[in-house]
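Visitor: I have a few questions about this structure. May we go through them one at a time?

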Amino acid sequence: MLLVSSTATRRAAGARTHSRRRLRRAIARMVPCLAMRGLVRDTILLVIATLVLGTAANLVPGRQLAWWGKGFEPPRAGVDFNFLDPGSADAMRTSLPGVVVLDTRSATEFGVGHVKGAQPISYTELQAELTPERVLQLRSAGAVIIYGASDETDVEQLVAQELHRRGLPPPYVLIGGFLGWQGSGLPVDGGAR
Amino acid sequence: MRWLRNPWLHRLLGLVLGGIFLYAAHAKILDPRPLVTIIWNYRILPPGPVNLMAIYMPWMELVVGIALVTGFKRRAAALCSTGLLIAFMVALGINAVRGINVACGCFSTSAEDVSNAWLLILRDLPMLLAALVMLVFPPARRAGVPAQPPTPS
């Protein structure tokens, strides 16, 4: 009697489990999100791995970035540099003594044509190029004007920020870059006229 | 469309796309500082979260790259890479519409590496397609039997 009762109980439990599974499958078919549970779980795993690795790497001394936008500020107009239109830049270049003009474009572009009296400076090699002697020379300049190819590049702003960090007064960034200078018909050295 | 579920196709796509992600990650992991400037130059994010993006994005690319190349959690990696590529394309698209060619920060952290934004979007499209194939058409478990989505047990 007891044996029959326990077998019946087991059968009832099995039927309940079976019907529960069928119900879950039916729900999973109706709700695709549930069927993608494995994919979501795996994605969360990858995101956690990213968070752990990124956090650990950023705690390594020497490569720490501020977590929330401090410590490495993007260049700001009026703080790290000032904008200057080509006409004013040319007037400053010719009237003030010791104005240094820096060209941030590639060596090829510089060779083709550059602002009269400009010196090339490479952003990618900036740390090597800014020797203490050159920084001293730039500090003693009446003003520093920096330009790139056009308004579309921001390299000149980054160079200006770096120079400002090294103790120079905020340099001037040429509005319109070399294209703007050329467009204004101002003096150019090299092949481009 | 059964050929899209071919496991060998998925291995090949995983190797290629994963390799691209690993290559893209290496320079940014070595020095994330220039990446801050590049992300800032997109002029989409406010200054606060720019650093967070520069800290975690290269590692996301690394994790996704490893997962795609090794095949470990490949479908989840395909989902992450789809998200990353869509985010990159939206960011580039916004600047393309604005008419600004930014240094994309795709494979180098040089702010001088300025390219045409529309061309960069075009370059990302095949990668997005590969990621979508791996995501939407999971490989067949056995020959001729398409894989079923996992059901909760």
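Visitor: Which residues does A:L179 touch, not counting residues up to four places away in sequence?

Guide: A:L179 touches A:A149 and A:S150, where contact means heavy atoms within 4.5 Å. Please note that this is a predicted model, in which local features need pLDDT of at least 70 and side-chain atom pairs count only at pLDDT 80 or more, while totals for chains, interfaces and linings use all residues. Residues are numbered from 1 along each chain as its sequence is written, chains are lettered from A and ligands numbered from 1 in the order in which they are written, and side-chain values use heavy atoms, with hydrogens and water left out.

Visitor: How far apart are A:L179 and A:A149 in sequence and in space?

Guide: They are 30 residues apart in sequence and 6.3 Å apart in space, C-alpha to C-alpha. A:L179 itself is found in helix 9 (residues 177–183) of chain A; helices (H or I, at least four residues) and strands (E, at least two) are DSSP runs, numbered from the N terminus.

Visitor: Is A:L179 buried or exposed?

Guide: A:L179 counts as exposed because its relative accessibility is 55%. Buried means under 20% relative accessible area, exposed over 50%, and partly exposed in between, with a 1.4 Å probe and protein chains only.

Visitor: Turning to the sheet, what is the strand order?

Guide: The order is 1-6-5-2-4 in chain A, an open sheet of 5 strands with parallel pairing. Two strands pair if DSSP finds at least two bridges between them. Strand 1 (82–84) and strand 4 (119–120) of chain A are the edge strands, each pairing on one side only.

Visitor: Which helix packs on the sheet and touches strand 1?

Guide: Helix 4 (residues 86–95) of chain A does, and it also touches strand 2 (99–103), strand 5 and strand 6 of chain A. Its direction makes about 95° with that of strand 1 of chain A; axes are lines fitted to C-alpha atoms, for helices over the stretch in contact, and angles run from 0 to 180 degrees between N-to-C directions.

Visitor: And where does helix 7 of chain A lie?

Guide: Helix 7 of chain A lies across strand 2, strand 4 and strand 5 of chain A, running at about 130° to strand 2. A:R134 is found in this helix, residues 132–139.

Visitor: Is A:R134 buried or exposed?

Guide: A:R134 counts as buried because its relative accessibility is 14%. Beyond its neighbours within four places in sequence, A:R134 is in contact with A:L102, A:Q119, A:P120, A:I121 and A:E129.

Visitor: New topic: how many salt bridges are there over all chains?

Guide: A search of the whole structure finds 9, a salt bridge being a side-chain nitrogen of Lys or Arg within 4 Å of a carboxyl oxygen of Asp or Glu. One of them joins A:K116 to A:D189, with the closest N and O atoms 4.0 Å apart. A:K116 lies in the loop between strand 3 (113–115) and strand 4 of chain A and A:D189 in strand 7 (residues 188–190) of chain A, so the pair ties together parts 73 residues apart in sequence.

Visitor: Which residue forms a salt bridge with B:K28?

Guide: B:E61 does, with the closest N and O atoms 3.0 Å apart. B:K28 is in helix 1 of chain B and B:E61 in helix 3 of chain B, 33 residues apart. Both residues are buried.

Visitor: Which residues are linked in a network of salt bridges?

Guide: A:R41, A:D42 and B:K73 are linked in this way. The side chains of A:D42 and A:R41 meet at 3.8 Å, N to O. A:D42 is buried, with a relative accessible area of 14%, whereas A:R41 counts as exposed at 57% relative accessibility.

Visitor: What about chain B, how many helices and strands does it have?

Guide: Chain B has 5 helices and 0 strands. Buried residues make up 50% of its 153 residues.

Visitor: How many residues of helix 2 of chain B are buried?

Guide: In helix 2 (residues 33–41) of chain B, 7 of the 9 residues are buried. The buried residues pack against helix 8 (155–165) of chain A, together with helix 1 (7–30) and helix 3 (47–70) of chain B. Just after helix 2 of chain B, B:R43 takes a positive phi of about 55°.
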